[in-house]
Amino acid sequence: MKFFRRGSRAESRALEHGAQNLFCPRPWTLDRQPTRAFTLVEIMIAIAVLSLLVAAIYSTWTLILRSKQVGNNAAAQIQRQRIALRALEDSLTCIQSFQASQQYYSFVVQNGEQPILSFVARVPAVFPRNGRFGDFNLRRLTFTLESGPESERDLVLRQNPILMDVDSDEKSYPLVLARNVQDFIVECLDTNKPGWVDEWADTNSIPPALRVSLVLGGTADPHGKSSILAITRFIATPCMMLPSVLQGQRVGGINNQNNQNNRNNNQNNQNNNQTNPRNNFQRGR
C-alpha cells in the first residue's frame, strides 16, 4: 500500500523545471543591456595617437642630444683656444734677448700658408711640458701651423733649450695647443712705420707689442655648416735688449767683479812694496 503526500506532484514538476533551466539557460531577451567594447576604428585611432606621441618624444630626445653635443663642442673649442692663448701670452711676456749672444736670441715672425712664430723666453713654472726639460727654463719656443691627422691644421708648439737642438721626440710629437685652426696671424708693432706689420725683418730686436689672431673652426653640423670662433689679443713684450756689460755681470756676478778688483789692488800693493824696501823697513820699526 502506497502513501502520497499532498502536493508531491507539484513539487516534482518544479524540480524538473529547475533542472531544465540549469542545463538549458534561457535565451537573451530585449530588456537586458549587452556588454560594451572598442570597435576596430577606435583601436586604429588610438594606435595612431600613440604613434604621434612616440614620434614627438623621439624628436625631442634627439634635439636634446644634438644640443648637448653642440654645447660640448663649443665648450671644448673655447677651452682649446684659452689654453693656446694662455701659452702665447705667458711666453711672449717672458721673452728675453741678450746683445752679446744675438745669434741665439733671434725673433722670427712669418705669416701666410705656413705661419711661424719663434723666439727665446724664460718660461714660468706652470708652462706646458716644463717637467720634460727640468731646470732648463730658458728655451726657444716655436709655434707653427701644421696639418693634422684628419686633414685639418693644428697649432703646435716645439721647445728646446737655448744651447741644444730639438730632439727627435719633440720633432715627431710636438705639443698640440689647438685643433682645426683656420688661421694664425701674428702682427708686430713697428715704431718706424704707422700701424702693424706682418713681417719683422730685424730679427736681432724685439717688437714692443704684438697682435695675435687665432681663428678656430668648429665641428660641422648635419646641414654641413661649421661654426667659426675668432679672437684677437694684444700682447706687450719686454722689448729692451740686455746690454753686454750686464750680461757679463749676470754670468760672473757683481761680487766676482769686486773680487777681481781687490785682487788687482793687492797685486799692485805687493809690487810697490818690493820696489820700495826703505818703506818696508820704516813700517817694521
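Predicted model: local features only at pLDDT ≥ 70, side-chain atom pairs only at ≥ 80, totals over all residues.
**View A. Glutamate 187 sits in strand β6.** Is glutamate 187 buried or exposed? Its relative accessibility comes to 19%, and since the cut-off for buried is under 20%, glutamate 187 counts as buried.

**View B. Glutamate 187 and its contacts.** Which side chain does glutamate 187 join through a polar contact of 2.6 Å? That's arginine 211, with the contact running side chain to side chain. Arg211 also turns up in the list of residues that glutamate 187 touches, along with Trp196, Val197, Ala209 and Leu210. That list skips anything up to four places away in sequence.

**View C. An open sheet of five strands.** Follow the order and you get β1-β2-β3-β4-β5, with antiparallel pairing. The edges belong to β1 (108-110) and β5 (175-178); each has a single partner strand, so one side of each has no neighbour in the sheet. On average, neighbouring strands are turned by 30° against each other, ignoring direction.

**View D. Where β1 meets β2.** Glutamine 110 stands opposite isoleucine 116, and the latter belongs to β2.

**View E. Helix α2 lying across the strands.** Which strands does α2 lie across? Helix α2, residues 40-92, lies across β2, β3 (138-147), β4 (153-161) and β5. Against β5, the helix runs at about 110°.

Note on methods:
Residues numbered from 1 in each chain as written. Heavy atoms only, no water. Pairing = 2+ DSSP bridges. Helix = DSSP H or I, 4+ residues; strand = E, 2+ residues; numbered from the N terminus. Axes fitted to C-alpha atoms, helices over the stretch in contact; angles between N-to-C directions. Contact = heavy atoms within 4.5 Å. Buried < 20%, exposed > 50% of the residue type's maximum accessible area, 1.4 Å probe, protein only. Polar contact = N/O pair within 3.5 Å; in protein donor to acceptor, adjacent residues only side chain to side chain.
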